[in-house]
Each structure stands twice: as structure tokens, then as C-alpha cells.
Amino acid sequence: MQEILQKKIADALGVSPEVISITVPEVDQFGHYSTNVAMRLAKERKMAPLELARVFANTLIANNANEKMFAKVEAVKPGFINLWLSDEFLQEQFALPATNYQLQTTNSPQTVICEYASCNIAKPMHVGHLRGTIIGDALANIHDYLGYKVIRWNYIGDWGTQFGKLILAYKLWGKKEAVEKDPIGEMLQLYVRISAEAKANLQLDDQARAEFQKLESGDAENRKLLEWFKIESLLEFNKNFKRLGVTFDLEIGESFYEKELPGVAKELADKKISQPSEGAVIVSLDKFKLPPALVQKGDGASLYLTRDIANMEYRLKTYSPAKILLVVANQQALHFEQLFAVCQLMGLAGAETQHIKFGMVLGPDGKKFATREGKLIKLEDLMDEIVGKAFVVVRKNNPEMPEAEVKQIAEIVGIGALKYADLKENRNSDITFDWDRMLDLHGDSAPYLQYTGVRLLNIIRKAGRDPSEYIRMTPGRHSEQSEESRPVLPLDLEKSLMKKVLDFSDVVKLCAETYYTSHLAKYLFELAKLANGYYETVRILDDENMERKTARLMLIARVAQTIEKGLGLLGIKVPERI
RNA sequence: ACCCCCAUAGUUCAAUGGAUAGAACAAAACUCUUCUAAGGUUUUGAUGUAGGUUCGAUUCCUACUGGGGGUACCA
């Protein structure tokens with residue numbers, strides 16, 4: 001719809017479309033859509049903004065005769081042009097099959113690699129991992145909806161000096177049975193212990209580096225150990241992912257690129273991109289105003305950055321992606337700046353590469369707590385806590401419901417609440433973790449949206465109709481029968497709902513353009529708010545006008561469908577009952 | 001010391017350079033014999049400081065203050 005408007009204005013005014021931005025005003029009084037094009041062109045055309053806006057508005061009205069698109073076009077104060085769609089146009093649009101903005105019409109859709117979760121072997125998943133996992137999953141869903149071929153990639157941290165430490169610790173103090181019993185718990189304990197003891201005994205660090213060096217040069221015993229740690233860790237991670245409803249196409253970690261590393265080092269040296277420095281090898285990035293990047297340690301071992309370069313080369317070569325999205329915390333911003341700079345020096349190009357950063361999850365005291373030893377909140381505990389809270393509410397509202405069903409619903413509601421809390425606030429700043437807020441099932445939350453959807457579909461069920469049948473039909477078709485094209489749904493609330501539903505695809509597109517899921521979350525909340533207002537105002541089942549009642553049922557079916565679809569893109573399910 | 005991110009209501013968060021800065025939570029008052037009150041309706045309340053850019057700045061630029069992260073052999 002925005003596209004139609006944009007084209008219309010461009011044709012009418014003889015300006016190029018990119019000059020025109022059309023927004024949806026926050027306040028109804030400023031129209032369904034609004035544009036500031038007159039103000040932006042005023043200077044160039046040497047006219048007062050308001051006067052130019054009047055000229056534009058008049059042109060639009062004059063061209064409006066055929067389609068009757070606008071009910072009103074208004075030029076107001078500083079120079080905005082506010083547009084109201086006509087009821088006819090609105091209902092006509094609403095009656096069209098929902099466009100889903102499939103960008104790809106050919107058989108070879110563009111590929112997007114979406115890297116997220118990126119969990120580290122031997123470390124428990126905590127609230128920080130949750131954020132990246134959920135944001136990444138939602139962005140993957142959104143790109144999938146828009147017609148991209150999405151590769152969901154869990155880039156596992158399974159290589160690096162810390163595994164030298166872990167292997168050493170295991171050799172010193174580890175017991176096979178203890179690891180088998182509680183793999184990640186035991187591995188974490190070993191890691192914490194050696195980190196602590198290394199502070200007093202500096203030799204341990206050297207020994208750990210030696211263990212990693214051995215690993216990298218192919219030592220069979222160390223390889224076997226790491227492989228075992230990896231298998232045990234992945235088993236635990238996958239339990240979490242399953243519960244979160246997050247899936248991956250690839251679980252390829254850093255160790256995968258181990259064979260490519262000598263090649264990368266050689267390429268960097270041959271192309272004179274890297275140079276020796278203080279026994280190590282670096283890439284100078286003065287040109288980019290960045291600190292030098294270390295690509296090889298003094299003992300010849302590789303680094304995170306080295307492996308990421310190999311990773312980038314491999315991805316470009318193997319998948320020829322249009323986009324590579326790296327959903328990784330803010331903390332690694334410098335790392336990615338350096339990575340992108342080195343890639344540029346190497347001539348690695350062809351994909352839009354984005355570091356999708358997100359802020360850290362801070363403790364209630366505003367301090368970093370995710371990695372604070374021993375003090376982290378494990379993901380499983382968080383999930384248990386919130387699902388438990390949901391269970392109490394579901395049970396209270398459904399005293400007769402069988403235990404199994406209550407549990408099932410509580411799981412959907414609890415996990416949904418957890419996800420939504422992160423997705424609605426997706427921005428760069430750090431967020432403060434707060435149990436009360438996280439566990440709140442009211443207000444701007446997933447349960448609110450789920451509840452709204454369930455209530456609406458309940459009306460349809462009580463009317464003795466199948467919701468899916470209603471979703472296929474639309475209110476607009478109905479009105480075609482009456483000669484004077486009398487709107488079947490005359491209430492302002494109904495028009496607002498129709499218009500809101502029509503905005504859905506634009507919002508999804510916006511999310512993909514900005515890589516922010518918060519737009520969609522906000523949209524769904526606004527839609528649900530409207531729907532609940534409608535629910536309170538109009539008692540659909542009591543409507544004696546059968547034609548209108550049918551149209552209303554179809555409207556709310558469409559609203560419920562949109563909520564369900566939107567939540568689905570955010571990775572959140574809607575239960576049958578709640 | 002340098003670099004990056006951030007600073008909005010009592011709290012947690014919104015606002016592609018736009019109009020009267022939005023929500024949610026908390027607080028106060030209403031609202032279920034009526035399609036699920038996890039709902040709805042009211043009320044109270046905010047842009048860290050000082051400049052600049054322009055028709056217009058929460059948004060862009062500069063300085064300052066405060067918080068977080070990072071800065072060569074961790075990831």
C-alpha cells in the first residue's frame with residue numbers, strides 16, 4: 001500500500017520516488033499516512049513549505065477521481081501532507097489476498113547466512129546467550145518469510161587457548177564419571193579451578209598454551225578429549241534449543257577451519273598484508289584507524305580472528321551469500337571491525353556483511369554478571385522459573401484442565417514471554433536483568449498477545465465456525481453485493497483494525513532492513529491493543545445483522561491470524577487455549 | 001591514555017531529522033449474572049549539562065559529566 005501511495009505521489013508531482021518518505025503517524029489526527037515531501041523540497045523549489053504542500057495536496061485530489069483512493073488529503077501547518085484512505089479503497093485492499101512480499105520470484109533465491117547462538121564448548125548457556133539466540137532466530141525467520149534462502153548457523157566455540165586450559169585441568173584433576181554425570185557443570189568447575197590456580201602459579205598458563213599447541217599440531221589424546229567435551233556439551237545445548245524451538249542448519253565450529261589456517265597465514269604473508277611483530281604476526285590496520293590485528297601467536301598457534309577469516313573465506317566461496325548476518329554481542333565490535341578490514345585487504349567481497357550487535361545483559365546492580373564466576377543465571381533455570389510462573393496462572397484460569405495440558409500451555413506461554421522480553425527491546429544498549437519484569441505476564445508481553453489471539457478465535461469457535469474457513473474469506477467481498485457500496489464494517493475501530501492488518505508486511509520488511517525485531521513486536525502489541533478495545537466495545541456474537549456479524553467474524557479471524565503469524569516470526573507460538 | 005556503545009517518567013524500555021516525546025510496570029480510581037478481567041477505561045509523571053548545524057533535534061556535530069564494553073599473543 002505504501003508502494004502504491006509512493007508511486008502515485010511520484011507520478012503526480014514529477015519527483016523521484018526516493019525523495020518521498022511516507023510514514024504512519026502516531027496520532028490518528030494526522031491521517032492514515034503522512035509525508036514530509038513538501039518540506040524537503042521547499043527550499044529547492046523556492047516556495048514556502050506549506051504552500052508547496054497545498055499544491056501537492058491539490059494535485060493528489062485532482063488525480064483521485066478514478067480510484068477514489070483517498071477520502072481526504074490535507075496540507076497542514078509546517079508543511080505535512082496527511083492522507084486518509086477512503087473506506088472503499090481500504091475494504092478493497094483488505095479483500096485482496098495478503099501480499100507477503102516474496103522478494104524472490106526465480107528458482108534461485110538469494111542466500112542469507114545467519115549466525116547466532118554461537119555457544120562455547122564446556123560453558124553453560126546463560127541469559128546472554130539467550131539474547132543472541134532469540135534475536136538471530138527471529139531475524140532468520142523474517143528473512144525466510146521475505147523469500148531468502150536462510151542458512152541458520154550455530155558457530156560453535158570449539159577451538160582456542162581455553163581448551164588447552166580445560167584439557168590441562170582435566171588431566172590434573174578430572175574424573176570421567178564426574179563429567180559424564182554433569183558434563184558442563186563439571187567442565188566449568190575444572191575451568192574455574194585452573195583459572196584460579198593459574199593466578200598463583202604462572203606455570204599453569206604456559207602449560208595450558210602448550211596443551212593447545214599440541215591440540216593444534218594434531219596430538220591424538222588431546223583431540224580425543226576435546227571431541228568428547230564437544231559431544232557432551234552439544235547434547236546439553238540441544239536440550240535448550242529444542243525447548244526454545246530454535247533450530248540450526250549447520251553446527252560448524254571454529255575447529256572446522258583448523259586445516260585452512262596455514263593457508264590463510266600463507267595468503268596473508270604472500271600478499272604482504274601481514275607482517276611479523278614481536279615474535280607474532282600482525283596485520284596493521286592504521287588505514288582503517290584501527291589497532292593492529294593479531295593473526296598468529298608467538299608459538300605459531302591461531303587466534304579467534306584467524307579462524308574467522310578462514311570462516312569468511314569458506315562461507316563466501318561455498319554459499320555465495322547475499323548477506324552474512326553475525327548476531328554477536330557488542331563486546332566483540334572491535335573484533336568484527338578488524339575482521340571486516342582484514343577481509344577488505346584480502347579482497348574478500350560479494351556479500352553484505354553485518355555485525356548484528358546487541359547489548360549485554362547486566363545484573364540488577366547494573367554490572368556485568370553474565371560471566372562473573374559462579375554467579376550466572378543458567379538458561380535452564382530461567383526457563384523453569386518462568387514456565388513455573390505461567391503454570392500457576394494457567395491453572396488458576398482453568399481449574400478443570402488436565403495437568404498435562406496445563407503444563408503444555410505453561411511451556412508455550414513461559415517460553416514466549418522470555419523470548420518477547422528480549423525481542424521487543426532489541427537495541428544496542430545494555431539491558432538490565434530483572435526477575436520481576438522478566439516474569440511479568442501482563443502488559444506488553446507475549447502472554448498478552450497470545451491471550452488476545454486465543455480470545456478472538458474463541459469467538460469464532462463459539463459462533464460454530466472453523467477459524468481457518470474465515471481466514472480465507474474477507475469482509476470486503478461481502479460489500480460488493482450492495483449497490484451503493486455501503487461499508488459492511490462502519491466503525492472507526494474496524495477501519496483501524498483493517499488498516500493495521502494491512503501494514504503487517506511493511507513492518508516485516510522494516511525489520512529486515514534495520515535488523516531490529518522491535519518494530520514487529522511493537523506492531524503486534526498495537527494490533528492486539530486495538531483488537532482488545534474492539535473486543536470490549538462490540539459483542540460480535542450478539543449482532544443481529546447477519547451480514548455484519550459474518551464480516552466481523554472474518555475481520556477478527558484475520559486479526560488473530562496476523563498476530564499468530566507475527567508471533568511465529570518472532571519464534572513464539574500461540575496455544576489453542578490459554 | 002585511546003576507541004566503541006549508552007544516558008528519556010519512580011523503574012524497565014520506545015520514537016527512518018518531524019507535528020501534542022509513546023508504552024509497560026509501579027501508584028490512585030472505575031469496570032465481570034454479558035464472546036476468557038492475562039482484559040478495558042481514567043489520573044499522576046521524563047529527553048544528563050553547555051554550545052552548534054536547520055524551517056524543525058531525543059535523533060546529526062563538538063565539549064563536558066556519568067555508566068558499560070574494548071584496546072597484541074582470551075573468545
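Reader: Which residues does Val413 touch, leaving out those up to four places away in sequence?
Author: This is a predicted model. Val413 sits in helix α15, residues 403-423. Beyond four places in sequence, Val413 touches Ala390, Val394, Leu441, Pro447, Gln450 and Ile578.

Reader: Is Val413 buried or exposed?
Author: The cut-off for buried is 20 or more other C-beta atoms within 10 Å. Val413 has 28 C-beta neighbours inside 10 Å, so Val413 counts as buried.

Reader: Why are the buried residues of helix α4 on the same side?
Author: The helix spans residues 87-95, and Asp87, Leu90, Gln91 and Phe94 are buried there. They share one side of α4 because they cover an arc of only 90° around the axis. In general, an α-helix has 3.6 residues a turn, so residues three or four places apart point the same way. The arc asked about is only 90°.

Reader: Which residues of strand β8 form its covered face?
Author: In a regular strand, side chains alternate between the two faces of the sheet. Strand β8 covers residues 280-283, and its uncovered face holds Ala280 and Ile282. The covered face holds Val281 and Val283.

Reader: Which residue of β9 stands opposite Val283?
Author: β8 pairs with strand β9, residues 293-296, in the antiparallel sense over 3 bridges. In that pairing, Val283 stands opposite Ala293.

Reader: Which helix gives the most to the surface near RNA strand B?
Author: RNA strand B is surrounded by 84 residues, with Ser34, Gly160, Lys297, Arg427 and Gly443 the closest. They divide into 33 nonpolar, 29 polar and 22 charged. The top contributor, with 8 residues, is helix α17.

Note on methods
Residues numbered from 1 in each chain as written. Chains lettered and ligands numbered in written order. Predicted model: local features only at pLDDT ≥ 70, side-chain atom pairs only at ≥ 80, totals over all residues. Helix = DSSP H or I, 4+ residues; strand = E, 2+ residues; numbered from the N terminus. Buried ≥ 20, exposed ≤ 12 C-beta atoms within 10 Å, placed from the backbone. Contact = placed C-beta atoms within 7 Å. Arc of directions from axis to C-beta. Near = placed C-beta within 6 Å. Nonpolar A, V, L, I, M, F, W, Y, C, P; charged D, E, K, R; others polar. Pairing = 2+ DSSP bridges.
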